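Please keep the sequence and the coordinates open alongside the text.

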Amino acid sequence: MLDAPCCTTQPGNELPVIILGAGPVGLAAAAHLTEQDITSVVLEAGSSVGASIAQWGHTRLFSPWQYNIDDAARRLLERAEWSAPDPDVLPTGNELIQQYLEPLAAALGDTVHTGMRVTAVSREGIDKTRSYGREDTPFIVRVVHPDGDFEDLRARSVIDASGTWNQPNPLGQAGLPAPGETEARSHGFISAPLPDVGGIDRERFAGRHVLVVGSGHSAANSLLDLAELTHHAPGTRISWAVRGADVTAVYGGEGNDELAARGTLGSRLRELVEAGHISVHTSFVIDSFDVSDDALTVRAVSSVEPHQLNVDVLVPATGFRPDLNMLSELRLDMDPAVEAPRDLGPLIDPEFHSCGSVEPHGERILAHPETGFYIVGMKSYGRAPTFLMATGYEQVRSIAAALAGDREAADDLKLQLPTTGVCTTDPGNAASNGVSESSTDDGCCAPVANQPILIGARASACC
């Protein structure tokens with residue numbers, strides 16, 4: 001159970017702001033609220049901060065440290081005599097946790113609580129249908145502890161920075177699981193979205209026929225890792241399946257990208273494809289899976305003819321989507337296509353925007369009819385890919401200012417993002433299942449064992 005300060009009124013003030021998720025954006029929100037003298041509580045479902053990032057910790061971000069550290073977090077850390085990493089170095093996910101998130105959580109002290117899985121958010125004593133006095137009624141955040149007991153915590157406001165990592169898109173068409181997909185996962189033929197191909201997962205891929213499905217940055221990174229593995233494990237075969245008619249959009253801006261590591265990603269992948277090291281299957285829409293004792297048959301329909309591949313393991317890289325079930329008692333206004341806050345949806349729709357072209361946005365854009373509730377970070381992008389950590393940092397800075405009553409600061413939005421050619425999407429090749437193929441991961445900053453990468457960070461923010 002949490003200590004009393006989480007659940008009681010602060011002297012001369014109000015209940016705390018509860019933040020869901022202790023990733024980069026969630027902890028940045030706590031840092032900004034601290035600067036505004038607003039009490040906050042961070043609830044993390046995992047056993048440690050950055051728990052989702054830890055699942056792809058072997059991957060190196062495409063963006064250097066200078067883009068990955070929030071300003072308020074930096075100020076808080078510097079007061080604790082923290083030594084900032086080299087701003088030009090590209091950290092791995094594990095380094096992001098060890099050199100930034102863990103020290104930041106320590107500086108925030110009792111604000112951060114791990115092992116606290118949130119299952120529902122509502123208003124105290126009233127459900128979604130009740131309007132009278134709603135804005136003045138505290139929020140209730142239901143938390144399940146590791147021992148299975150639950151607790152209802154009261155809050156003046158709730159900021160959901162829980163990400164999308166735990167809600168991967170299905171592999172079938174029309175946004176639905178394909179027949180046999182559940183069985184294929186349960187039998188171990190489908191890996192995690194960002195496996196450590198060159199590390200702890202090596203034996204699962206060495207000497208096998210591996211199929212990577214998806215055309216986002218996480219797919220590109222898995223393909224590069226597998227290509228490296230072929231040098232050390234003869235017999236390893238790589239197939240790459242995409243729903244679109246070609247894969248050129250995945251190569252992105254290459255030499256024209258302002259983030260060199262992101263440009264290199266596309267160039268290296270193109271060279272491997274052109275050299276024949278990766279077999280490409282385009283217009284490949286998965287129709288079903290057949291599971292045998294030692295292989296997986298992937299059946300697909302295409303604009304040309306039915307197709308099937310017999311593979312040993314499949315790497316899913318078709319993106320993520322937000323879990324909105326725990327918010328079912330709140331009054332949300334969501335974009336019907338990408339499942340982002342309604343006013344944000346048109347700004348991030350991947351059929352029209354790249355991650356570098358999204359306008360700065362803050363509290364006004366992220367607000368819902370449920371006054372005092374906000375979705376931020378990767379989850380605020382819904383099904384749209386390629387979220388950047390810097391975008392999330394500006395989101396929570398604006399929200400903290402608004403909660404402190406500083407409307408002018410909340411509306412003074414400033415965000416400069418590097419130009420990217422990697423996040424673009426070709427509307428003509430939009431995925432047939434309604435999910436953009438450039439959707440990458442939740443987490444946040446796509447992983448790749450040794451190569452810097454971009455990722456549609458889907459976990460709480462990132463890259």
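This is a predicted model: local features need pLDDT of at least 70, side-chain atom pairs count only at pLDDT 80 or more; totals for chains, interfaces and linings use all residues.

- Arg407 and Asp411 form a salt bridge in which the closest N and O atoms are 3.0 Å apart.
- Both residues lie in helix 13, which covers residues 407-411, and because they are 4 residues apart there, about one helical turn separates them.
- An α-helix has 3.6 residues a turn, so residues three or four places apart point the same way.
- Arg407, at 30% relative accessibility, counts as partly exposed, whereas Glu363, at 9%, counts as buried.
- Glu363 is placed in helix 11, residues 363-366, and its side chain makes a polar contact of 2.8 Å with the side chain of Arg407.
- When residues up to four places away in sequence are left aside, Glu363 touches Tyr374, Ser398, Ile399, Ala402 and Arg407.

**Two further salt bridges**

- Arg270 and Glu274 meet through their side chains in a salt bridge, with an N to O distance of 3.5 Å.
- These two residues, Arg270 and Glu274, sit 4 residues apart in helix 9 (residues 260-274), so that about one helical turn lies between them.
- Arg270 is partly exposed, with a relative accessible area of 24%, while Glu274 counts as exposed at 59%.
- Arg156 forms a salt bridge with Glu14, and here the closest N and O atoms are 3.2 Å apart.
- This pair links distant parts of the chain, 142 residues apart: Arg156 is in the loop between strand 7 (150-155) and strand 8 (157-160), and Glu14 is in the segment before strand 1 (17-20).
- Glu14 counts as partly exposed, its relative accessibility being 38%.

**Strand 8 and its partners**

- Strand 1 and strand 8 run parallel and are joined by 4 bridges, with Val17 standing opposite Ser157 of strand 8.
- Strand 8 also pairs in the parallel sense with strand 16 (residues 373-375), over 3 bridges, and the bridge partner of Val158 in strand 16 is Phe373.
- Strand 8 is covered on both faces, since Ser157 and Ile159 on one side and Val158 and Asp160 on the other are all buried, each having under 20% relative accessible area.

**Nonpolar cores**

- The largest nonpolar core has 55 residues, of which Leu27, Tyr100, Ile159, Ile348 and Val376 touch the most other members.
- Among the elements that each supply at least two residues of this core are strand 1, helix 1 (24-35), helix 4 (93-108) and helix 12.
- Leu27, again without counting residues up to four places away in sequence, touches Gly21, Ala22, Val42, Val49, Leu101, Leu104, Ala105, Leu108 and Val112.
- A second, separate core is made up of 27 residues, including Leu224, Ala233, Trp240 and Tyr251.
- In soluble globular proteins, nonpolar side chains tend to be buried together.

**Helix 12 and the residue after it**

- Helix 12 is mostly covered, with 13 of its 15 residues buried.
- Just after helix 12, Gly405 takes a positive phi of about 85°.

**A buried loop residue**

- Thr59 is located in the loop between helix 2 (51-54) and strand 3 (60-61), and it counts as buried, at 0% relative accessibility.
- The side chains of Thr59 and His58 are joined by a polar contact of 3.5 Å.

How values were computed:
Residues are numbered from 1 along each chain as its sequence is written. Side-chain values use heavy atoms; hydrogens and water are left out. A salt bridge is a side-chain nitrogen of Lys or Arg within 4 Å of a carboxyl oxygen of Asp or Glu. Buried means under 20% relative accessible area, exposed over 50%, partly exposed in between (1.4 Å probe, protein chains only). A polar contact is a pair of N or O atoms within 3.5 Å; within protein, one must be able to donate a hydrogen and the other to accept it, and residues adjacent in sequence count only if both atoms are side-chain atoms. Contact means heavy atoms within 4.5 Å. A nonpolar core is a set of buried Ala, Val, Leu, Ile, Met, Phe, Trp, Tyr and Cys residues joined through side-chain atoms within 4.5 Å. Two strands pair if DSSP finds at least two bridges between them.
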